[in-house]
Amino acid sequence: MKAAVLALQGAFAEQEHMLGEMGVEYFEIRRKQDLGQEFDALILPGGESTVMGKLMRELGLMEPIREKIKNGLPVLGTCAGLILLAGELSDGEAPHLATLPVTVKRNAYGRQLGSFRTEAAFGKTGEIPMVFIRAPYIEKTGEGVEVLAKVDGHIVAVRYKNQIGVSFHPELAGVRSVYEMLFAKAG
Amino acid sequence: MNQNERYELNKELAQMLKGGVIMDVTTPEQAEIAQAAGACAVMALEKIPADIRAAGGVARMSDPKMIKEIQAAVSIPVMAKCRIGHFAEAQILEAIEIDYIDESEVLSPADDVYHIDKTQFRVPFVCGAKDLGEALRRISEGASMIRTKGEPGTGDVVQAVRHMRKMQKQMAEITSMRKDELYQAAKDLQVPYELVRYVQENGKLPVVNFAAGGIATPADAALMMQLGAEGVFVGSGIFKSGNPAKRAQAIVKAVTNYKDAALLAELSEDLGEAMVGINESEIELLMAERGK
């Protein structure tokens with residue numbers, strides 16, 4: 001079991017810390033040649049989706065990563081990572097990987113003063129702590145998308161085949177169940 | 001939500017900015033250029049530091065109208081500066097829901113003794129520091145992000161390098177101390193013992209640490225990242241240069257792949273004219289000396 005962490009910008013070190021705690025081997029993807037290594041799961045961290053999307057495009061990472069996801073690579077996108085996966089963005093911005101059939105609203109809770117912490121049920125694992133930082137939420141889901149969590153009526157976590165997208169930061173709250181769900185797919 | 005939870009969320013926003021470039025902008029158009037170039041946040045201000053330096057006189061918080069226009073123009077976080085100790089300016093910035101306040105030595109200090117009690121605010125603060133003592137004092141006052149002070153508006157990176165090296169060296173010293181030596185270290189640094197203990201246990205600051213001041217090229221950005229910065233602020237370096245969009249993009253990529261010399265060489269090619277810059281020894285006003 002080996003995970004790759006997209007390390008272009010944002011909280012990738014926090015994801016790596018989480019993987020380390022769980023005893024999962026990982027490496028960073030910063031350039032196209034990094035994709036040459038074998039890996040079983042991919043993590044798209046929090047940060048600024050505009051920055052990561054642009055860098056993925058210009059560093060030649062977008063197409064190969066999209067292909068891998070379409071071919072079944074288990075992927076977890078947290079916060080900005082969810083935005084990268086989304087098929088549509090409700091502010092009309094161009095989508096990035098667009099592999100996950102959902103519509104995501106960016107900065108859905110407003111500016112930093114709208115950031116918050118809460119607890120809510122996640123899939124079948126019961127309540128988990130959730131940290132939302134200038135977070136997005138999911139406005140619409142396409143066919144076959146399973147809703148894993150809702151907060152105040154808004155969808156904040158989904159699963160679709162090999163893809164998991166969450167609006168919050170499981171790496172900041174140390175929530176293992178989200179990662180266990182990802183690794184279960186990686187086998 | 002209690003203040004502790006709010007402080008955690010504010011530190012966490014800084015974590016999301018890591019590995020990124022925060023750019024000074026003075027107009028909505030510049031903010032859009034910065035966002036398109038890959039800035040992870042923008043700093044809204046009326047004049048960039050080089051012009052503040054050139055204009056002289058008292059530099060104050062920017063017009064809230066201008067900051068709001070920038071907030072409307074971009075989707076990335078928007079920061080703004082208030083004067084050191086000017087808590088009323090900070091209250092105004094909080095009222096317009098700024099994402100981060102920079103209590104900044106670039107503006108004229110409003111108080112030559114006291115910094116703002118940042119624990120009284122819900123919005124996060126970033127503060128400058130030229131050594132570990134200053135950094136930990138700002139953190140104990142409630143700053144949730146630290147940056148080097150550098151020497152703003154000069155295009156000369158020497159001070160940012162000096163501050164980053166000093167901070168890293170002091171942290172390494174603390175890490176190697178015996179536990180019973182930490183009390184004296186706290187006294188020497190004029191900071192609370194708990195923060196010194198945190199540095200010893202973790203080998204780093206309890207908040208994100210960026211480089212700022214005098215960064216003008218992709219190489220400057222890579223230098224600061226290799227010295228231990230977690231991201232960079234670029235002020236005058238971008239919009240005082242010949243081709244701001246191209247330079248901004250190059251600096252963003254340099255911060256992501258700061259160890260890849262071949263890529264850095266490519267990024268450094270043909271960027272047009274860099275900001276002219278002033279050497280540290282040629283300037284009369286050392287902004288980094290403001291607020292200790």
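# A chat about chains A and B

Author: Let's start with one residue: Gly142(A) is partly exposed, having a relative accessible area of 29%. Please keep in mind that this is a predicted model.

Reader: Okay! Where in chain A does Gly142(A) lie?

Author: Gly142(A) is in a loop of chain A, the one between strand 9 (137-141) and strand 10 (146-151).

Reader: And how far apart are Gly142(A) and Ile43(A) in space?

Author: From C-alpha to C-alpha they are 22 Å apart, and in sequence they are 99 residues apart.

Reader: Switching topic: how many residues of each chain does the contact between them take?

Author: Chain A gives 33 residues to the contact and chain B gives 38 residues.

Reader: Which residues of chain A lose the most area to chain B?

Author: Those are Arg111(A), Gln112(A) and Leu113(A), and together they make up 26% of what chain A's side buries. The area buried between the two chains is about 2,900 Å², and carbon and sulfur atoms give 54% of it.

Reader: Why give an area at all?

Author: The accessible area lost when parts come together is often used to give the size of an interface.

Reader: Got it. How many salt bridges does the rule find across this interface?

Author: The rule finds 6 salt bridges between chain A and chain B. One pair that meets in a salt bridge is Arg117(A) with Glu12(B), at 2.7 Å from N to O.

Reader: Is Lys18(B) buried or exposed?

Author: Lys18(B) counts as buried, at 9% relative accessibility. Glu14(A) counts as buried too, at 10%.

Reader: How many salt bridges are there over all chains?

Author: A search of the whole structure gives 30. One is in helix 3 (residues 62-70) of chain A, where Glu63(A) and Arg66(A) lie 3 residues apart, about one turn of the helix. Their side chains meet at 2.4 Å, N to O. Glu63(A) is partly exposed at 46% relative accessible area, whereas Arg66(A) is buried at 16%.

Reader: What about Lys65(B), which residue does it form a salt bridge with?

Author: Lys65(B) pairs with Glu69(B), and the closest N and O atoms are 3.7 Å apart. The two are 4 residues apart in helix 4 (residues 64-73) of chain B, so about one helical turn separates them. Lys65(B) counts as exposed at 56% relative accessibility, and Glu69(B) as partly exposed at 37%.

Reader: Which residues are linked in a network of salt bridges?

Author: Lys81(B), Asp102(B), Glu105(B) and Arg147(B) are linked that way.

Reader: Where is Lys149(B) placed?

Author: Lys149(B) is in the loop between strand 6 (145-148) and helix 7 (158-175) of chain B. It is buried, with a relative accessible area of 2%. Its side chain makes a polar contact of 3.0 Å with the side chain of Glu134(B). Further along the sequence, Lys149(B) is in contact with residues including Glu105(B), His163(B) and Arg290(B).

Reader: Last topic: how many residues has the largest nonpolar core?

Author: It has 113 residues, and those with the most contacts inside it are Leu6(A), Met145(B), Met224(B) and Val232(B). Helix 12 (residues 244-256) of chain B gives the most to this core, with 6 residues.

Reader: What is Met224(B) in contact with?

Author: Leaving aside neighbours within four places in sequence, its contacts include Val157(B), Met164(B), Ile215(B) and Val232(B). There is also a second, separate core of 36 residues, with Val24(A), Phe122(A), Tyr137(A) and Val175(A) among them.

Definitions and conventions. Residues are numbered from 1 along each chain as its sequence is written. Chains are lettered from A and ligands numbered from 1 in the order in which they are written. This is a predicted model: local features need pLDDT of at least 70, side-chain atom pairs count only at pLDDT 80 or more; totals for chains, interfaces and linings use all residues. Side-chain values use heavy atoms; hydrogens and water are left out. Contact means heavy atoms within 4.5 Å. Buried area is the accessible area (1.4 Å probe) that two parts lose on being put together, summed over both. A salt bridge is a side-chain nitrogen of Lys or Arg within 4 Å of a carboxyl oxygen of Asp or Glu. A nonpolar core is a set of buried Ala, Val, Leu, Ile, Met, Phe, Trp, Tyr and Cys residues joined through side-chain atoms within 4.5 Å. Buried means under 20% relative accessible area, exposed over 50%, partly exposed in between (1.4 Å probe, protein chains only). A polar contact is a pair of N or O atoms within 3.5 Å; within protein, one must be able to donate a hydrogen and the other to accept it, and residues adjacent in sequence count only if both atoms are side-chain atoms.
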